[in-house]
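Take this tour with the structure open in your viewer. Select as you read.

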Amino acid sequence: MAQVTYPVKVRDDRDDQAVRSAAESPPLGGGGALPLRRRSGAEPVFRALSTGAGMTVLAIIVAIALFLVVQAVPALRADRANFFTERVWYPNDPTAPRFGIAALAVGTLLTSTVALLMAVPVALGIALCLSHYAPRRLAGALAFVVDLLAAVPSIVFGLWGRDYLVGPVRDLSAWLHAHLGSLPIFGSGGPYGKSVLLGSIVLAIMVLPIVTALSREVFVQTPATSREAALALGATRWEMVRTAVLPYARPGVLAAIMLGLGRALGETIALALVLGNTFTISADLIGNGGNSIAANIANQFGEANATGRSALIASGLVLFAITLAVNVTARIVVYRRREFVGSAG
Amino acid sequence: MTTVTGTVVPRRDLRPRRLPSWSPALVAALAATVAVLAVRLGGLLGGGWALTTVVAVALFLTGLGTASRLVEGARSARDRVATALVYSAFTLALLPLVSVAATLVARGVSRLDGTFFSHSMRNITAFDSAGGAYHAIVGTVEQVGIAVMITVPLGVAAAVYVVEYGRGGLARAIQFVVDVMTGVPSIVAGLFVLAFWVLVVTPVINDGRPGYSGFAAALALSVLMLPTVTRSTEEMLRLVPATLREGAYALGIAKWKTVARVVLPAARGGIVTGVMLAIARAAGETAPVLLVAGGNPAINFNPFRDSQASLSLFIYDQAGLASKYGPPRAWTAALTLVALVLALTVAAKLLSRRTRLPR
């Protein structure tokens, strides 16, 4: 139990002035019973400190945007190519730096999308398992196991993907090409190694716990009356889930997927280890290749000169804008839903 | 008087026909046998173990579905298949977890020796067998420590504002921004500190040179930890019963003192849990440290001067070495890092279980 300090102690404190003045003032009723501001000199200080801390949070998000823009401008000025359509990344060229976000942005979206396509069905299955299928006592332990996946640092997933998972994925790629090679996404004939598929699988594993935890939270909140009504009408468990749980949870699940997308878009170091670091735009998933904005920053930072650093900051600004948009949208969905649930309950 | 003779015929049609409870196990055994025979031994579809498993699961699902449809009807069949799918999704998620754990232990123990925890990488090249992560552990501990010293007061104060003082638009805006900030990618936090502290502020102090340092890494980690700490503190403060606050007000105690002496102590357990989870996340972060700490093969105890390493950065560096000594060092460091993070996570969960507030 948390220790609770009961306020009786206040008599020993220095400013028992407060207690005395409260006793002397006439009996108050209603809102007037709240502590008066003049009683203690510390009150405005404390209020100002906490307000300041709150404002700091606002200031940080503004400062992130501001400083990224300021530091990105020199490189964008020096760029000889169109930043939004150019694919190559040669910002370190002292005379004619050419670089653009096109290949990186497409690579980021491709890797994240494929990762979500793999992660979301599994995550929803696990979330249902934890909320409506597993025995109540077991569910807590199982949820903890999924949380363990979230606790593994991304560098460890990257190392695991590069040194271990690359073998199985190479076999999988060869098999996919042999049997489904007519599809453009499995078109590459090899060699297979660091690919979009490998990156997406690693990313899917990393996104899985987030989507699971958030959707489980919504599934659990399904009103018991809806669930019991479905069961009372003779629904099987799956019919209950399909008719009562899933419709209720849809906006929340959507928000969970978007928050997972936000996480996937920004993932850096694991992808820096398992993507091929190329600058082509291609739908092929299994051949050597793949890149993302964040992975490119980690890969290129070591060799970057002043313009190179500035160019990487410019790409980071794009990433910041994309993730901010995704997160804001997801949060608005969550907030709207919370208000709806609040008014219904 | 007549006596009723004859046997009572049970109305079987009133009870739905059910498959016996052992039938899923039987179907599973059959599916596994068929899959092994056809794929593994018969060589259908190439015949790897992974493929055998996939075929076995597919056979199990169709077999169970068909059996249930024949005996119990279509609705029950769908229910059984859905249940099987939900449980297999969970099993699927266990695979990477088990695989990561097994690989970590198998690859990580080779360099788990005294040298690893007592030596740095100074004067050790990619082709030397010795060397350790002492400098990196020092870096991680100092950077995370400073980040905690920054974020805990700031995060708790911000949460106090949102829950206790804030009213209307500003408080709601801060709450929203904190939520959105949890989604800021770690690399962006690193770039922000690079663009703000390393390239703009430190050159002024440092006669023009950008100052890569452990403190810069701590700042970047703070940007990542602040929303987590604020968010969890907010939630804990909301759980403190209003009666505690009202009791304090009734005794005429100032609001600030109520918050500091009644509300915060009551929420302390939950706040500590949130901070520990934030630490666990921050300790594993590589990207921001890579951008602003600079990396250093030698031991540097001073986080404010000169570049510093960290455990995660050490893993990244050693993993990139094309030698037979680099990757084993990376794996041992990964094992160390995971052990550290897991210890923090488990401790935080246990603590949160012990200090649940009455609602």
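Select A216(B). Leaving aside residues up to four places away in sequence, A216(B) touches V193(B), W197(B), V198(B), G211(B), V292(B) and A293(B). Keep in mind that this is a predicted model.

Now widen the selection. A216(B) belongs to the largest nonpolar core, which has 202 residues. Which of its residues touch the most other members? They are V207(A), F192(B), V193(B), A216(B), V292(B), I315(B) and A334(B). Colour helix α3 of chain A, residues 102-133, next: with 18 residues, this helix gives the most to the core.

Next, the interface. Show chain A against chain B: 84 residues of chain A are in contact with 89 residues of chain B. On the chain A side, select helix α2, residues 42-78; this helix gives the most, with 19 residues. Colour the side of chain A that touches chain B by residue class: 59 residues are nonpolar, 17 polar and 8 charged.

Last stop: A235(A). Find this residue in the loop between α7 (224-232) and α8 (237-266) of chain A. Show its contacts: A230(A), M240(A) and T243(A), not counting residues up to four places away in sequence. Then draw a distance from the C-alpha atom of A235(A) to that of L110(A). These two residues are 125 residues apart along the chain, and their C-alpha atoms are separated by 40 Å.

Terms used: Residues numbered from 1 in each chain as written. Chains lettered and ligands numbered in written order. Predicted model: local features only at pLDDT ≥ 70, side-chain atom pairs only at ≥ 80, totals over all residues. Contact = placed C-beta atoms within 7 Å. Helix = DSSP H or I, 4+ residues; strand = E, 2+ residues; numbered from the N terminus. Nonpolar A, V, L, I, M, F, W, Y, C, P; charged D, E, K, R; others polar. Core = buried A, V, L, I, M, F, W, Y, C linked by C-beta atoms within 7 Å. Buried ≥ 20, exposed ≤ 12 C-beta atoms within 10 Å, placed from the backbone.
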